[in-house]
Amino acid sequence: MHPAYSVILFTTATGAGYGLLALLGLMALAGMAPPGLWPGLFGLGLALVLITGGLLSSAGHLGRPERAWRAFSQWRSSWLSREGISAVATFVPAGLFGLGWLLTGRAEGWVALAGALAALGAVVTVCCTAMIYASLTPIAQWRSRFTLPGYLLYAAMSGLTLLNALLAASGDGGSVLAGAAAALTLAGWAWKRASWRHDDTAGLPATVNSATGLPGGRVLSIEWPHSEENYLLKEMGYRVARKHRDRLRLIAQFLGFLAPAVLLVLAALTPAGAVAVGASLLAALSQLAGLLVERWLFFAEARHTVMLYYGR
């Protein structure tokens, strides 16, 4: 698939934003909200900025952005429509969560309940986003058991790393939070490597024979269905050289997983002071950069069955 930058930014930003929002909501429900008022509200504001920015960037991939509202009517059959509805619906409890926290100064009672509902909406929205791709049977790399858990894991991982950075900068961080972020980052790395192993061996779910309805003999493509490049080739026929793929995989692993894990361990070993703050902030920035590369590869490496008609 063609790695559109708007969709890459959308999936990365909203994943981190929803992960951060869900963590804040669950912490409030468990009575473990950040002790300071402003660190928690700033984290909530950052989550909503990432979510809003990601959602707005996704409109850049539409041919007619002014018609985006029509997607909301197809919720019975479209995961994209369900994603849009759940994303908009999540803003309601998230807004009440932030407003109540600001007015009362505490994340308790009905404020914590609003946070829990916002966390639920965040999880549902991330699941809907993942299912947009996991439901596409013609793309074997996406139609796998790794896609949905991967989206949830990367959202939780990046959200927790962001939360650790925010609390460390405000002086409310700790070794437990940094250690948990490091452990989740390593889990995300293991999952990413497992998904890549699956992608490298996943063949197309069809052959040229089955695609053309000619079961016997050898079917060859001697000419393209048309003379010029079209939408199918632009959006579904992207090819990345293996040497570039391998290099980008190394970059994604280092920036998105290994470097953040090392920095988070350093922050956990020095829970107070400038070292912990600097390491936590660098871990968050590095992880977001690495996830941008990982998302690019997620789209660039996908192979659509329609390419069989073009001899690929």
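Here are some numbered notes on the predicted model above, meant to be read with the structure open beside you.

1. Start with the overall fold. The protein has 10 helices and zero strands. If you walk along the sequence, the pattern reads α-α-α-α-α-α-α-α-α-α.

2. Of the 312 residues in the protein, 47% are buried. The protein exposes about 15300 Å², and carbon and sulfur atoms supply 69% of that.

3. Now have a look at helix 1, which covers residues 5-29. Its 25 residues reach 36 Å from the first C-alpha to the last, close to the 36 Å expected at 1.5 Å a residue. This helix is mostly covered, with 20 of its 25 residues buried. After helix 1 comes G31, and its phi is positive, near 70 degrees.

4. Is L20 buried or exposed? Its relative accessibility is 0%, so L20 counts as buried. Leaving aside neighbours within four places in sequence, L20 is in contact with G43, L46 and A47, and also with G159, L162, L163 and L166.

5. On to the outside. Which residues form a nonpolar patch on the surface? They are F72, W75, I85 and V88, and together they have about 350 Å² of accessible area. One of them, I85, is found in helix 3, residues 79-104. I85 has a relative accessible area of 33%, so it is called partly exposed.

6. Charged residues deserve a point of their own. The structure holds eight salt bridges. In one of them, the side chains of E294 and K192 meet at 2.7 Å, N to O. This pair links distant parts of the chain: E294 is in helix 10 and K192 is in helix 6 (residues 175-201), 102 residues apart. Where do these two sit, out in the open or under cover? E294 is buried, with a relative accessible area of 1%, and K192 is buried too, at 5%.

7. Stay with E294 for a moment and look at R295. The side chains of R295 and E294 are joined by a polar contact of 2.7 Å. R295 sits in helix 10, residues 274-300. With a relative accessible area of 6%, R295 is buried. Apart from neighbours within four places in sequence, R295 is in contact with I8, T11, T12, Y151 and Y154.

8. D200 is worth a careful look as well. Its side chain meets that of R245 in a salt bridge of 3.5 Å, N to O. D200 lies in helix 6 and R245 in helix 9 (residues 242-269), so the pair ties together parts that are 45 residues apart in sequence. How covered are the two partners? D200 is partly exposed, with a relative accessible area of 42%, whereas R245 counts as buried at 16% relative accessibility.

9. D200 also forms a salt bridge with R249, where the closest N and O atoms are 3.0 Å apart. Again, distant parts of the chain are linked: R249 is in helix 9 and D200 in helix 6, 49 residues apart. R249 counts as buried, at 8% relative accessibility. Which residues belong to the network built from salt bridges that share partners? D200, R245, D246, R249 and E301 are joined into one network.

How values were computed
Residues are numbered from 1 along each chain as its sequence is written. This is a predicted model: local features need pLDDT of at least 70, side-chain atom pairs count only at pLDDT 80 or more; totals for chains, interfaces and linings use all residues. Side-chain values use heavy atoms; hydrogens and water are left out. Helices (H or I, at least four residues) and strands (E, at least two) are DSSP runs, numbered from the N terminus. Buried means under 20% relative accessible area, exposed over 50%, partly exposed in between (1.4 Å probe, protein chains only). Accessible areas come from the Shrake-Rupley method with a 1.4 Å probe; for residues, only the protein chains shown count as cover. Patches are made of residues with over 30% relative accessible area and no salt bridge: like charges are joined within 9 Å, nonpolar side chains (Val, Leu, Ile, Met, Phe, Trp, Tyr) within 5 Å. A salt bridge is a side-chain nitrogen of Lys or Arg within 4 Å of a carboxyl oxygen of Asp or Glu. A polar contact is a pair of N or O atoms within 3.5 Å; within protein, one must be able to donate a hydrogen and the other to accept it, and residues adjacent in sequence count only if both atoms are side-chain atoms. Contact means heavy atoms within 4.5 Å. The expected span of a helix is 1.5 Å times one less than its number of residues.
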